[in-house]
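Open your viewer and follow the stops below. Each one says what to select and what is there.

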Amino acid sequence: MQMEELVALCKRRGFLFQSSEIYGGLNGFWDYGPLGVLLKRNVKDAWWHDMLVGHNEQKLQPGAPSLYEMAGLDSTIIMHPQIWKCSGHYDLFHDFMVDCRESKKRYRYDHVKGRWVRGLKHGEGGQPAAEVRVFITTMDTENTENALKERAAHYFGLRKKDLDSLVWEGPLTEISTLGDLSQVLGPDAKHPGTLTEPREFNLMFKTTIGALGGEDDVAFLRPETAQGIFANFKNVCDSTRVKVPFGIAQIGKSFRNEITPRNFTFRSREFEQMEIEFFCYPGESADWYRYWRDRRFKWYTDLGLASEKLRLREHEQAELAHYSKGTADIEYAFPFLPEGDFGELEGVAHRGDFDLRSHMEGKLVREGDQLVLEKGPDGQPKHRGSGKDLTYYDDQRKERFIPHVIEPSSGADRATLAFLCEAYHVDQVPTAEKKEDAQRTYLKFHPRLAPVKAAVFPLVKKDGMPEIAGDIYGELKEKMSVQYDEKGAVGRRYRRQDEIGTPFCITVDGQTLQDGTVTLRDRDTLQQWRVKKDELMAELTDRLGK
RNA sequence: GCGGGUGUAGCUCAAUGGUAGAGCCACAGCCUUCCAAGCUGAAAACGAGGGUUCGAUUCCCUUCACCCGCUCCA
């Protein structure tokens, strides 16, 4: 399948438009059109229903370690700046980067390390050898000393055994301590002085609070909805009588200054998340992690994503965030990715007690296998926590503890895009002339996700058919998203509905006038059968599912 | 952020240093008794800004967006 065709269909039929298109567009931002908003809302509603509203806390869910409760939340996009300092986003998202003009590579300023070295370098083009002093760097963290020697040997044109002629000065240090990068040999460069001055990369959107806001009033647009849940953990506990284990669900916009927005809506700077923070006993957290990982995977397949295009990928130890005891990505083989590549739809992470502890004590850092408070140069906490007690007291077990957290974090736009990609189909269908089959493009949405559930047509615009069709339309409209169309040939109307993924078309014809039945047509099979007008609603409700 | 490519109606494609032409779609009507392309009518574009020129969609510069490859993706 060609991605351009889907993108074109999305625009033509009003699923997705480029943001600010009349001004030439804005990279990394997308608008949902009339059909797109219906589709995305259906995705979010399905999630909200399946995870929260429809969850029966009295019934043991398949695969769940025990009964559990769910609660909802809608927190603000702008929160207290300290939230992001304690969560780690402020430090992590606020990097200085240097670019290498020669190798075109980009490095984190604080990751490039090296040593000064002095030695004889043979001149080029017959120039006499001269002593040079250069700061040799590497990104190799495993075998730093060896890597530096190899780079030095290469630069000075020496054999390994001749390396002793070089004079190393000072300890291994970060280039950030140098001040001047003109004598620095970049990690992948052949000549010194190719690194640019460090530039600030702020992955969080900055804003100011108050009409006169200055530097002191800086705030950030949230890069994830999760922190709003942690910040309200105590409020939810105190106001809803929920007991551990329970989850808090939230849907909302988040913002990240992606360096390279690309691939349609896949990597957008403004996007929407569907997140759950699930709080449980530390001892049961591993079981809950597995439950949520598998449950979330199944949610996508239940809504129509083909399991062979989906992948559950457990992160390697090295890939895990410093606080996580396990993370799995649910990934989809998007058609715009190279063959065999998958793109993340959702991450399910075991976050331990990192988040609640951070908001109590302050920003944490790993020390051995412990998380400890990160201190600044003055010995004080680098980022102070709220100081509030976010522990949980279980009056049955008579114990107080910090709940551990399982976080299934899903991208609403990515899920919507995956459902669109999966739905896109082209097939051959017979034509009225019965000569040759014609190509048909249709979107094979799961009925729960289809933006329009049914369309109502009079076969022709006379003999009272439009009136009957209009009545049926009015009746259905009360309950579901339907369209009415009486224009042009009926075949064309079917095709139009196919292209926007409407599962069923209802046609009023001559026989309707006789016996009160209408035809019901299936989008995928093109099959038709007759249904009594009065039984239409029941028939449709049954076939559409929830 | 770097390199390469692209940019004319919603889509596909024309033409031109002298005020842009068509097909399809969509729209209004007609005709149509079950799977798009029958008739009539109307509408609709040179991505943006600047320069050269009497005159720029065309030449030059800048910029924006999209695609491909790197880079980045906490």
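Predicted model: local features only at pLDDT ≥ 70, side-chain atom pairs only at ≥ 80, totals over all residues.

Residues are numbered from 1 along each chain as its sequence is written, chains are lettered from A and ligands numbered from 1 in the order in which they are written, and side-chain values use heavy atoms, leaving out hydrogens and water.

**Stop 1: chain A.** Select chain A. Its C-alpha trace spans about 105 × 70 × 50 Å along its principal axes. Colour by secondary structure to see 14 helices and 29 strands (DSSP runs numbered from the N terminus: helices are H or I, at least four residues; strands are E, at least two). Of the 546 residues, 49% count as buried (under 20% relative accessible area, 1.4 Å probe, protein chains only).

**Stop 2: around RNA strand B.** Sugar and phosphate make up 53% of the RNA strand B atoms that come within 4 Å of the protein.

**Stop 3: the elements.** Which helix gives the most residues to this surface? Select H12: it supplies 6. Helix H4 (89–92), strand S24 (438–443) and strand S28 (517–522) each supply at least two.

**Stop 4: the bases.** Zoom in on arginine 521. One of its polar side-chain atoms lies 2.7 Å from a base nitrogen of RNA strand B. At threonine 519, a side-chain N or O atom is 3.1 Å from a base nitrogen. Finish at lysine 461, where a backbone N or O atom lies 3.5 Å from a base oxygen.

Conventions. Near = heavy atom within 4 Å. Polar contact = N/O pair within 3.5 Å; in protein donor to acceptor, adjacent residues only side chain to side chain. Buried < 20%, exposed > 50% of the residue type's maximum accessible area, 1.4 Å probe, protein only.
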